Amino acid sequence: MQNKKSITVVKIGGNIIDDAQELKHFLADFAKIDGLKVLVHGGGKSATKMAQSIGLVPQMIDGRRITDAAMLEVVVMIYAGQINKDIVAQLQANNANAMGFSGADGNLIQSDKRNHPTIDYGFVGDVKKVNTPLLATLLNTGIVPVFCAITHDKNGQLLNTNADTIASELAIALSQVFEVTLSYCFEKPGVLYDAEDDSSVIAKMNPELYAKLKAEKAIHSGMIPKLDNCFNSLSKGVQKIKIGHHKMLQDANAVCTTIEL
Ligand SMILES: Nc1ncnc2c1ncn2[C@@H]1O[C@H](COP(=O)(O)OP(=O)(O)O)[C@@H](O)[C@H]1O
Ligand SMILES: CC(=O)N[C@@H](CCC(=O)OP(=O)(O)O)C(=O)O
């Protein structure tokens, strides 16, 4: 059997996106990755600022934004519009043939509106299906897909979807066709024993250590859904997952956290 081609799926979060210089450096590193690649971006911090500036009150529960109709308008404008197009233009400037997508484009990511027994998340989607054949075709023609955190339900409704989860679901779908490395890039050098101490990077994270550090509250907030997504992706076929600063995209020896089962 022929060996699978390698692909790198990278997720970049709101703190880097909100810092123009950091974003520029990140995109230069991302554009230099050899071979096939996909970028998934968040932008929660920018959406929160925009929402507050027009008098909306942002609310997050378990890392997910409560998204009513007014908030959905904001996140579509910010994620699928401003941030996605800005990133695509900057990648073009770095000679990566980027193309920006929401999940509705090409029916690339279909979701179900979140149905929680006690919390009404509003227009929030949980990924149901990835159009892997179309995505693989785009990749094999040299396109660098750039996904924002907006999906759709195939009934005309756009849905706000956690960007870490989109990266994880795309990586799982692509692992049927490619050898996938999933890299979660954020402002810190990795998952830390002490979230305030950048020198305390955990080199290898497994479910036992995660359970212990979560119980001790050393791991909290956005890191909890990120690690849940990581363990889920590894158990469903993704070959390799790293969490750390974007230096790790170009420097194989850079400090970061590798996820293990
Ligand atoms: N043990 C930990 N190590 C590193 N970061 C942690 C830890 N516990 C909590 N965090 C928080 O998790 C955040 C990263 O998750 P998230 O907010 O989803 O970021 P992003 O969307 O930028 O990827 C960090 O900014 C940090 O505040
Ligand atoms: C449903 C939901 O929570 N969607 C996220 C999507 C953006 C995101 O995930 O952004 P970061 O990666 O920057 O956190 C939100 O609106 O915050």
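Colleague: How far is an oxygen atom of ligand 1 from the side chain of glutamate 187?

Modeller: An N or O atom in that side chain of glutamate 187 is 2.6 Å from the ligand 1 oxygen. That makes a polar contact (a pair of N or O atoms within 3.5 Å). Keep in mind that this is a predicted model, where local features need pLDDT of at least 70, side-chain atom pairs count only at pLDDT 80 or more, and totals for chains, interfaces and linings use all residues. Residues are numbered from 1 along each chain as its sequence is written, chains are lettered from A and ligands numbered from 1 in the order written, and side-chain values use heavy atoms, without hydrogens or water.

Colleague: Which backbone atoms lie by a nitrogen atom of ligand 1?

Modeller: Leucine 192 has a backbone N or O atom 2.8 Å from a nitrogen atom of ligand 1. For histidine 220, a polar backbone atom is 3.3 Å from a nitrogen atom of the ligand.

Colleague: How much of ligand 1 does the protein cover?

Modeller: On its own, ligand 1 has 570 Å² of accessible area, and the protein covers 83% of that. Those areas use the Shrake-Rupley method with a 1.4 Å probe.

Colleague: Which elements give two or more residues to the shell around ligand 1?

Modeller: Helix 1 and helix 8. Helices are DSSP runs of H or I, at least four residues, and strands are E runs of at least two.

Colleague: How many residues surround ligand 1, and which are closest?

Modeller: There are 18, with Glu187, Leu192, Ala218, His220 and Lys226 the closest. A residue is near if one of its heavy atoms lies within 4 Å. By class, seven are nonpolar, seven polar and four charged. Gly counts as polar here.

Colleague: Switching to ligand 2. Which residues come nearest?

Modeller: Lys11, Gly14, Gly43, Arg65 and Tyr79, out of 16 around ligand 2. That shell has four nonpolar, nine polar and three charged residues.

Colleague: What are the distances from oxygen atoms of ligand 2?

Modeller: A polar side-chain atom of arginine 65 lies 2.7 Å from an oxygen atom of ligand 2. Glycine 43 has a polar backbone atom 3.0 Å from a ligand 2 oxygen. For glycine 44, a backbone N or O atom lies 3.0 Å from an oxygen of the ligand. The protein covers 89% of the 430 Å² of accessible area that ligand 2 has on its own.

Colleague: Which pocket does ligand 2 take?

Modeller: Ligand 2 takes the space of the largest pocket.

Colleague: How much space lies in the largest pocket?

Modeller: About 1000 Å³. Of its 40 lining residues, Lys11, Asp164, Gly222, Met223 and Lys226 are closest to the centre. Elements giving two or more residues to this lining include helix 3 (44-53), strand 4 (64-65) and helix 6 (163-174). The lining divides into 15 nonpolar, 15 polar and 10 charged residues.

Colleague: What volume has the second largest pocket?

Modeller: About 210 Å³. It has 14 lining residues, and Thr8, Thr181, Ser183, Lys242 and Met248 are the closest to its centre. Strand 1 (6-12), strand 11 (179-185) and strand 13 (240-244) each supply at least two residues of that lining.

Colleague: And how does the lining of the second largest pocket split by class?

Modeller: Four nonpolar, six polar and four charged residues.

Methods. Polar contact = N/O pair within 3.5 Å; in protein donor to acceptor, adjacent residues only side chain to side chain. 1 Å grid on protein atoms, 1.4 Å probe; cavity = no way out; pocket = protein on both sides within 12 Å on 5 of 7 lines; lining within 4 Å. Sits in = over half its atoms within 2 Å of the grid points. Points joined across faces, edges and corners; volume = space filled by probe spheres on them.
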